[in-house]
Amino acid sequence: MPQRASVEPHRTAVTVFSIALLGIALSGCVSAEERRYADANTCQSFGAPYGSPAYTNCMLEQQRRRDNEELESLERSRLTTEIARDAQIMADRARKERCHRDPDRRECRR
């Protein structure tokens, strides 16, 4: 029974890409107001009273942390997309080479 080797890398790439997109979608489910409220609670739990320089610095640090997390998430997504694209290119090249060696293969009869 012939194996369909070119399908497996494509499935893997699609799965990895789908997981990355799901992660990005779920990370955006919290509203800006909810984030500010959570940040304010965090800063106040650290002992920084509202309106103080320590509170302001804490709020800025919370935003910086969130911005860094978003940048890292976007970079992971970009890398995942690049890996998926490269895997598809490699699978297509492998299929082309197999078809060049044996044009009668089922996968080559398009």
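**Before you start.** This is a predicted model, in which local features need pLDDT of at least 70 and side-chain atom pairs count only at pLDDT 80 or more, while totals for chains, interfaces and linings use all residues. Residues are numbered from 1 along each chain as its sequence is written, and side-chain values use heavy atoms, with hydrogens and water left out.

**Stop 1: the whole protein.** Show the cartoon. The protein has 3 helices and 0 strands; here helices (H or I, at least four residues) and strands (E, at least two) are DSSP runs, numbered from the N terminus. Of the 110 residues, 19% are buried, where buried means under 20% relative accessible area, exposed over 50% and partly exposed in between (1.4 Å probe, protein chains only).

**Stop 2: two helices.** Select residues 32-45, helix H2, and residues 53-101, helix H3. Their axes are 9 Å apart and the helices pack at an angle of about 130°. Axes are lines fitted to C-alpha atoms, for helices over the stretch in contact, and angles run from 0 to 180 degrees between N-to-C directions. H2 and H3 are therefore oblique to each other. Angles under 35 degrees count as roughly parallel, over 145 as roughly antiparallel, 65 to 115 as roughly perpendicular and the rest as oblique.

Now show side chains where the helices touch. On H2, the contact is made by Arg-35, Arg-36, Asp-39, Ala-40, Thr-42, Cys-43 and Gln-44; on H3, by Tyr-55, Cys-58, Met-59, Gln-62, Arg-65 and Arg-66. Contact means heavy atoms within 4.5 Å.

**Stop 3: the core.** Which residues make up the largest nonpolar core? Select Ala-40, Cys-43, Ala-48, Tyr-55 and Cys-58, 5 residues in all. A nonpolar core is a set of buried Ala, Val, Leu, Ile, Met, Phe, Trp, Tyr and Cys residues joined through side-chain atoms within 4.5 Å. H2 and H3 are the elements that give two or more residues to this core.

**Stop 4: Cys-43.** Leaving out residues up to four places away in sequence, Cys-43 touches Ala-48, Tyr-55, Cys-58, Met-59 and Gln-62.

**Stop 5: Tyr-55.** This residue is in helix H3. Is Tyr-55 buried or exposed? Tyr-55 counts as buried, because its relative accessibility is 8%. Apart from neighbours within four places in sequence, Tyr-55 is in contact with Ala-40, Cys-43, Gln-44, Ala-48, Pro-49 and Tyr-50. To finish, draw a C-alpha to C-alpha distance from Tyr-55 to Thr-42: the two are 9.7 Å apart in space and 13 residues apart in sequence.
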